[in-house]
Amino acid sequence: MNSDTELAPAVQSILAAARERAGGEGVVDVDARPLADTLADAEADGRVPLIAEVKPTSPTAEGTRDDDPVELARAMVAGGAAAISVLTEPSHFGGSPEALTRIREAVDVPVLRKDFVVDEDGLDLVEADLLLLIARFVDDLEGLVAAARERGLQPLVEVHDRDELETALEAGTDLIGVNNRDLATLEVDLGTVESVAPDVPEDVTLIAESGVSSPADVRRMREADADALLVGSAIMDHGGDSDVTENTRRLVRAESMNAADSTRASATTDHDGDSQT
Ligand SMILES: O=C(O)c1ccccc1NCC(=O)[C@H](O)[C@H](O)COP(=O)(O)O
């Protein structure tokens, strides 16, 4: 792992908290809902394969959304989300393992556990279909990928550059998340996916993470060869109380809408329709 001093202060604090948190009691054994199937179903329906994130708040959010997480997840699925991501980190994102369990019982799509897992103990906190592992935070990535699979979990390995991609591929992952957010600065740059994607092998599923806020951004990530997108803030609308189903739907339909529809949808939901660079 890179030195913590290369990370934004908020991320250093998240990691310090993660190292202190207790893991689960016992070892989870999951009968996981396959991500590949739900992404294929979305493609077949003409929906952009989208993982919508239940993210009550975050270090970069403009506020907190206190809605019931189960209602949020149901609203996202109603808007066409192919899978749900749930933050389980409590102190910086307002998440909890209990919320994930309730959501997984309430929806039938795969559920990703989004957290800052640094060792094998951290795998067993709660049952989920997918688990995020962040390449730069894990010393033995190959070991943790294998340990996650032994539990039935589908590990999604997050990277931010080509070196981390190489590490992730050597660890045997077939699910890569390229994070547009730089954890050293918390700045978002959609060019990150564009620069890393050409090196992701065809048989590896590529998920574009963070900073996608408009249908134009969705199209940009898909043109960069993203198989799926992970979106939190633009759907949660932390500073407001807009309709989560509609926020999901306008992104899921980004490839089937024409440009005029897309501009109108962006204007009516008060989001910035411009791509970020
Ligand atoms: O979202 C943050 O503010 C954040 C800060 C520090 C570390 C991680 C952070 N986010 C985690 C994520 O990966 C995102 O929640 C996820 O990719 C969705 O991003 P977005 O659509 O930009 O909310």
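**Stop one: the aromatic rings**

There are two aromatic pairs here, where rings of Phe, Tyr and Trp (its six-membered ring) pair if their centres lie within 6.5 Å. Select Phe 93 and Phe 116: their ring centres are 5.7 Å apart and their planes sit at 25°, so this pair is stacked (planes under 30 degrees apart count as stacked, over 60 as edge-to-face and the rest as tilted). Phe 93 is in the loop between strand 2 (83-87) and helix 4 (97-106), and Phe 116 is in the loop between strand 3 (111-114) and strand 4 (130-134), so the pair ties together parts that are 23 residues apart in sequence. Helices (H or I, at least four residues) and strands (E, at least two) are DSSP runs, numbered from the N terminus.

Before moving on, keep in mind that this is a predicted model: local features need pLDDT of at least 70, side-chain atom pairs count only at pLDDT 80 or more, and totals for chains, interfaces and linings use all residues. Residues are numbered from 1 along each chain as its sequence is written, and side-chain values use heavy atoms, with hydrogens and water left out.

**Stop two: the ligand**

Now click on the ligand. How many residues surround the ligand? The shell has 20, and the closest are Glu 53, Lys 55, Thr 60, Lys 114 and Ser 233 (a residue counts as near if one of its heavy atoms lies within 4 Å). Helix 1 (9-20) and strand 8 (228-231) each give at least two residues to that shell.

Next, show the side chains of Ser 58, Thr 60 and Arg 181. A polar side-chain atom of Ser 58 is 2.8 Å from a ligand oxygen, an N or O atom in the Thr 60 side chain is 2.5 Å from a ligand oxygen, and for a polar side-chain atom of Arg 181 the distance is 3.0 Å.

**Stop three: two loops**

Finally, pick Leu 186, in the loop between strand 6 (175-179) and helix 7 (191-196). Its phi is near 70°, a positive value in a residue other than glycine.

Key:
A polar contact is a pair of N or O atoms within 3.5 Å; within protein, one must be able to donate a hydrogen and the other to accept it, and residues adjacent in sequence count only if both atoms are side-chain atoms.
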